[in-house]
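Trainee: Could you take me through one chain of this model in some detail, and then look at a surface feature on its partner? I would like a connected account.

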Amino acid sequence: MGYHLRKVAFYLAALWAAVTLNFVIPRLLPGNPVDILMAKLQQRGGSVDPAARQAYETLLGTGGRDSFAQEYLAYLGNLLRGDLGVSVSAFPAKVSDVIGGSLPWTIVLVGLATLISFVLGVGLGALVGWKRGTWLDSLVPATTMLSAVPYFWLALILVALLSSGLGWFPLNGGYDVVLDPGWSPEFLGSALYHGTLPALTIVLSSIGGWLLGMRNMMVSAMSEDYVLTARAKGLTGSRVMVRYAARNAVLPSVAGFAISLGFVVSGSIVTEQVFSYPGIGSKLLQAVQNNDYALMQGIFLVITIAVLGANLVVDLLYGLIDARTRDRSTAS
Amino acid sequence: MTWSGKLRAGLGLAGLIVLFGLVGPLLTGDPATIRDIGLTPPGHGHLLGTTIIGQDVLAQLTHATRGSLWIGVLVGVMATVLSAIFGIVGAYAGGVVDEAFSLFSNVMLVIPGLPLVIVIAGFVPADQRGTWTISLVLAITGWAAAARVLRAQTLSLRNRDYVAAARVSGEKTWRVICVEILPNLLPILASQFVFAVVLAILSEAGLSFLGLGAADSSTLGTMLYYAQNGFALQREAWWWFVPPGLVIALFGGALSLVNFSIDEIINPALRERIRRRSDVVATTPVVEAVDEDAVLTVSDLNVVYQGVTPVHAVKNVSLTLRRGEILGLAGESGCGKTTLAYAINRLHRPPAEVTSGSVVFDGVDVLALGPEELREFRWVRLSMVFQGAMNSLNPVTPIRAQLQDVLRTHRPSLSTSDREARCAEVLRLVGVDPARLGSYPHELSGGMRQRVMIAMALLLEPQVMIMDEPTTALDVLVQREILNEIKRLRDELRFAVVFITHDLPLLLELSDRIAVMREGEVVEYATAEEMYLRPQHPYTRQLLASFPSLTGERGALIR
């Protein structure tokens, strides 16, 4: 099997696992989600006709009326049609609409912050590894300490200092609420202004991992023969560092980028809670607090698909930067 | 700080925090007692002040530390056991089991953890969300990364000789795993455990902060949750909000110090401190070369590896290389011949230092060159072919880029097409099809890679080429081809060669003159003919007798 085909197959398998987990979890855990949902729906003045109940049962389990296989097929069928059910907490909005409205916020915030953190961390890590034995070494323990700090604690303290104390940044939210969301410069500026501190906290707490990993790989790469050869060739120091040492040392970090995305998305849920950011993470929490199981599951699925998709893209890019992986047909 | 210093500091700090969590609750009283002195700043009665309803923060902190540590250890143990099962057993069993386990680990790894935890925690009613449930969920979502590392390690251990021997001798599988494999994985398991504990404490804090923590226990996370919901920061009650986070940060920091030192135990390359100082400590004034024909003159060169016990790797070596000559440098592994070769080009790295002597290259005092002059000198005047071409070529770029790099740096005026033409020309010189320029090193055979290295060394038409065991890693036939190639190129292009090998009979055939090195010293230095007919030093005779030569007959002639 070719490299690309194997990667796609793996992510299809992972997607299937996630979808199935999503199906199994509400059925295995205690409690009766369908009854809770129906009660909620009634409170909100929603229809309690049998059709609504049946839709939720397809999602969360019928309590033994239909066989497992029947339920599973019906569930997969709904997913394929893009039907994730109706949200209770945002009744009568459909789950897919709720997600559609909040997902872009998260993707832009988390995507940009992660990219900045990766580029900065890997760049600094390469430099720290290359200039080993200088004062730059002290960056390693400093940034590692930052990673050991509970993220939300750091973020809240920064908010207290920079937003409440100094007033440099807004306290919370994704944009100035007096503005209408759209592509106007005022709105985009406001979104950027509101996103800066959340992004900064994400970068601060995640940069240490990249830096340490890259620095350690850099130290190993520098003792490789091809770096010695490059030096013997009389190449300039920066060329040896970038084209030979860092170019090889970065490979595990790129491979690790895919895996870390899961952690990043996890972190963003907390970020959004801290900053009351209008993204998908705060919607997930809102769903949990309101027992909005349909929304909960829909968001979990979308997050998983987003992470898997990003992973796939990174893996395919990896094949481009390391020719050896394309030619090897073992190990996933 | 040395690695043992880090280990001590980390263990000490972590130990203090554990002690705080274990003993603290016995000394500080009931954390739940409500008093009417809400939000009292730290002072006499209450060392860390009180919460909004007058509970003692210090008492809460000790109990919460205990709760967090307990969850950390629970998750740490469970996650480590899970990763060991999926990583070690799978890799050891191999075949379908390994494929399945590895697929499962990888799938678990890419499914984002916290959203899954939140969904699971969301379905479990709050009153049933206990410490054990939360720990189990955190363990289930947190073992996969460690399993991957363990699998890779086990795979490499599995193929080691002693493990193979144990298996062949019929030992039971569980015994091989427990006795032969596990002990070697201990440092990694320990590091994974430490990592899992920190991650668990952080995750639990995050969950509790989100209001999804364990209902039945007090942890640092729940403490922060209450502090946040009591608007501790907005009321400037920092003594309520800061300490729990600080305890987590200190504990995490301490354990990452421990992990640093474990890393350094596993990978000594990370450990050694490199002192940044000059590669040349002292040189002897250059005396005018006596030999007009000499292109490279090494006089009284000394190289020392500075360490706790300095190793004198090259002792008072003097050599002369004439234009177009092949000088053989022979000796067993570790005799200092490679160190000597590197020192000539100043490629040696700390802790190696040139402590005295001189290297003169065609009138240029190499040891006195500044960094930029040295860089311009390298490859233009003197190029090198290293042992093991597989590792000398950059694995991630095509060979075209690696050849062109040289021209781009040293001949910046060359046009793109001229560069390409020159690269093709040198490849043709060494008998490699120029169509191979687009190939990556792993796509070439061993012999072809070595030819590419020689082509690269020819690019700038240097006066001298140092070849460090260029044929050792190749099979005998390819070795013969390459040697013939070198001789032919030397005759055509008239460069001089320093040829380093442990194979003295080979040198007798190839070189004009030969230096035999032993323990850093040149013990015999003569023409090849002289050395073949009348070896003077007993060590030379020993060397000649002990090697079966390429042709298989010459070594036998010497006794």
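Mentor: Chain A has 332 residues, and 53% of them count as buried. This is a predicted model, so the cut-off matters here: a residue is called buried when its relative accessible area is under 20%. The secondary structure of chain A consists of 13 helices, with 0 strands. Read from the N terminus, the elements of chain A therefore follow one another as α-α-α-α-α-α-α-α-α-α-α-α-α.

Confidence comes next. The mean pLDDT of chain A is 78, and 85% of its residues score at least 70. Within chain A, helix α9 (residues 225-232) has the highest confidence, at 89, while helix α2 (residues 33-43) has the lowest, at a mean of 69. Where pLDDT is low, the predicted coordinates should not be read in detail.

Now the feature on the partner. On chain B, a nonpolar surface patch is formed by L16(B), V18(B), L19(B), L22(B), V23(B), L26(B) and L27(B). Together these residues have about 700 Å² of accessible area. One of them, L27(B), belongs to helix α1 of chain B, which covers residues 3-28. L27(B) counts as exposed because its relative accessibility is 69%, and the cut-off for exposed is over 50%.

How values were computed. Residues are numbered from 1 along each chain as its sequence is written. Chains are lettered from A and ligands numbered from 1 in the order in which they are written. This is a predicted model: local features need pLDDT of at least 70, side-chain atom pairs count only at pLDDT 80 or more; totals for chains, interfaces and linings use all residues. Side-chain values use heavy atoms; hydrogens and water are left out. Patches are made of residues with over 30% relative accessible area and no salt bridge: like charges are joined within 9 Å, nonpolar side chains (Val, Leu, Ile, Met, Phe, Trp, Tyr) within 5 Å. Accessible areas come from the Shrake-Rupley method with a 1.4 Å probe; for residues, only the protein chains shown count as cover. A salt bridge is a side-chain nitrogen of Lys or Arg within 4 Å of a carboxyl oxygen of Asp or Glu. Helices (H or I, at least four residues) and strands (E, at least two) are DSSP runs, numbered from the N terminus. Buried means under 20% relative accessible area, exposed over 50%, partly exposed in between (1.4 Å probe, protein chains only). pLDDT is the predictor's confidence in each residue, from 0 to 100.
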